[in-house]
Amino acid sequence: IYFKLYLTSDKVIDTAKQPIIKKKIQPLEKQGPYESRRLWQHVTASLKAGNMDVATEHKHCLEERQRSEGKQRAATKTPWKPKYFIKEGGGWVYHNPLWKAH
């Protein structure tokens, strides 16, 4: 991976030499209703099973639900309030970016 940190020189990380660390995630039943793994679990399971038609149907249902919720918020003039991001200019910025940590 090649990258450049703000106002520094280019850096290189050889990912082949990095240890593999398994993700630690909450079980689905302990996740909030809008957490990605919970929302997309049926799409993921269908893809793993090789069933593209079922995966597509689950994905379509998720997208329709998001559209419906967006229309409902617009109708009630309820602003979208993300949990981890704030609006800055024309984009969204993570609340606690790594470059501001510690």
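**The pockets and the helices beside them**

Tutor: Start with the second largest pocket. Its largest lining share comes from α2, which gives three residues. Bear in mind that the model is predicted.

How much space lies in the second largest pocket? The volume is about 160 Å³. Its lining consists of Ile-25, Leu-28, Ser-36, Arg-37, Trp-40, Gln-41, Thr-44 and Lys-48. Two elements, α1 and α2, each give two or more residues to this lining. Helix α2 covers residues 41-48.

Now follow α2 to its neighbour, α3. For α2 and α3, the axes come within 8 Å. They cross at roughly 165 degrees. An angle over 145 degrees counts as roughly antiparallel, so α2 is roughly antiparallel to α3. The crossing of α2 past α3 is left-handed.

Which residues make the contact? On the α2 side they are His-42, Val-43, Ser-46 and Leu-47. On the α3 side they are Met-52, Val-54, Ala-55, His-58, Lys-59 and Leu-62.

Helix α3 leads on to the largest pocket. Helix α3 covers residues 52-75. It supplies five residues to the lining of the largest pocket, the largest share. Helix α1, residues 36-39, also supplies at least two residues there.

How much space lies in the largest pocket? It holds about 700 Å³. Its lining has 18 residues. Tyr-34, Glu-35, Leu-39, Trp-80 and Lys-83 lie nearest the centre of the largest pocket. The lining of the largest pocket divides into 10 nonpolar, three polar and five charged residues.

Helix α2 has the largest share in the second largest pocket. Helix α3 has the largest share in the largest pocket. And α2 and α3 lie roughly antiparallel to each other.

Definitions and conventions. Residues numbered from 1 in each chain as written. Predicted model: local features only at pLDDT ≥ 70, side-chain atom pairs only at ≥ 80, totals over all residues. Heavy atoms only, no water. 1 Å grid on protein atoms, 1.4 Å probe; cavity = no way out; pocket = protein on both sides within 12 Å on 5 of 7 lines; lining within 4 Å. Points joined across faces, edges and corners; volume = space filled by probe spheres on them. Helix = DSSP H or I, 4+ residues; strand = E, 2+ residues; numbered from the N terminus. Nonpolar A, V, L, I, M, F, W, Y, C, P; charged D, E, K, R; others polar. Axes fitted to C-alpha atoms, helices over the stretch in contact; angles between N-to-C directions. Parallel < 35°, antiparallel > 145°, perpendicular 65-115°, else oblique. Left-handed = near helix turned anticlockwise from the far one by under 90°. Contact = heavy atoms within 4.5 Å.
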